Amino acid sequence: MNRLTRMTLCAVLLSSGSAYAGDGYHCYDFSRLAEDTHLEVGDVIETRHATIKIQPYLQNGQPITSDASRVELATSAIAGGSSPELELKLVALSVVPKKPVTGVRTRIAQSISKPGGFADVVLMANGHRQGSGDGFAGLDGAELGNSAKGIVQVSADMAAPKTGNWHSGRLELRAKPGSAIEGFTISGHTWRADDLCLKR
């Protein structure tokens, strides 16, 4: 599938579906994504409210390139939304809202092996980066950004599985009063995402 086709499909995809109606969020699911869509590092997705770029996975703050890097559609609902959802491997999603926002919500899941492998994640907001070796849950309570660009509070409500390796829940970014979120990046090894929501 060529780049133009992928971008067109994703633009349609992210103009669909409200997941958190009535609270000021503009939310997008992935129900209109073509079943055979395959996105690669470097692809740029233009949507109504944001520009999204597929970027390399970050490990210890360094970009890691791999032939295994990919973003595809999965017919599962591991992240907690409804099928389908995005399946991501060794990539980061960089999101720049068309206008600064005050809040972000997304459903998210991460595969962490029983010994704790593949738990490294990195979250960036307003140019400030923070990593966690304990998965997305390790980012709960973090503050990113700076006084010039705005301070962003992180909430990660993740549940460990009773069986299997998938930790799932919600990741939220909230701008402190007087601040805004100009852009953010989520990076993980093997993860799923659904219902990306932005609030102005």
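**Core and polar contacts in the predicted model**

Leaving aside neighbours within four places in sequence, Phe-136 is in contact (heavy atoms within 4.5 Å) with Ile-108, Gln-110, Val-121, Ala-156, Met-158, Leu-171, Ile-186, Ser-187 and Trp-191. The model is predicted, so local features need pLDDT of at least 70 and side-chain atom pairs count only at pLDDT 80 or more, while totals for chains, interfaces and linings use all residues. Residues are numbered from 1 along each chain as its sequence is written, and side-chain values use heavy atoms, with hydrogens and water left out.

Phe-136, together with Phe-184 and Trp-191, touches the most other members of the largest nonpolar core, which holds 38 residues. Such a core is a set of buried Ala, Val, Leu, Ile, Met, Phe, Trp, Tyr and Cys residues joined through side-chain atoms within 4.5 Å. Among the elements giving two or more residues to this core are β4 (50-59), β7 (85-97) and β14 (184-199); β14 gives the most, with six. Strands are DSSP runs of E, at least two residues, numbered from the N terminus.

Strand β14 is also where Arg-192 is found. Arg-192 counts as buried because its relative accessibility is 11%, buried meaning under 20% relative accessible area, exposed over 50% and partly exposed in between (1.4 Å probe, protein chains only). Its side chain makes a polar contact with that of Glu-85 at 3.2 Å; this term denotes a pair of N or O atoms within 3.5 Å, within protein one able to donate a hydrogen and the other to accept it, with residues adjacent in sequence counting only if both atoms are side-chain atoms.

Key:
Helices (H or I, at least four residues) and strands (E, at least two) are DSSP runs, numbered from the N terminus.
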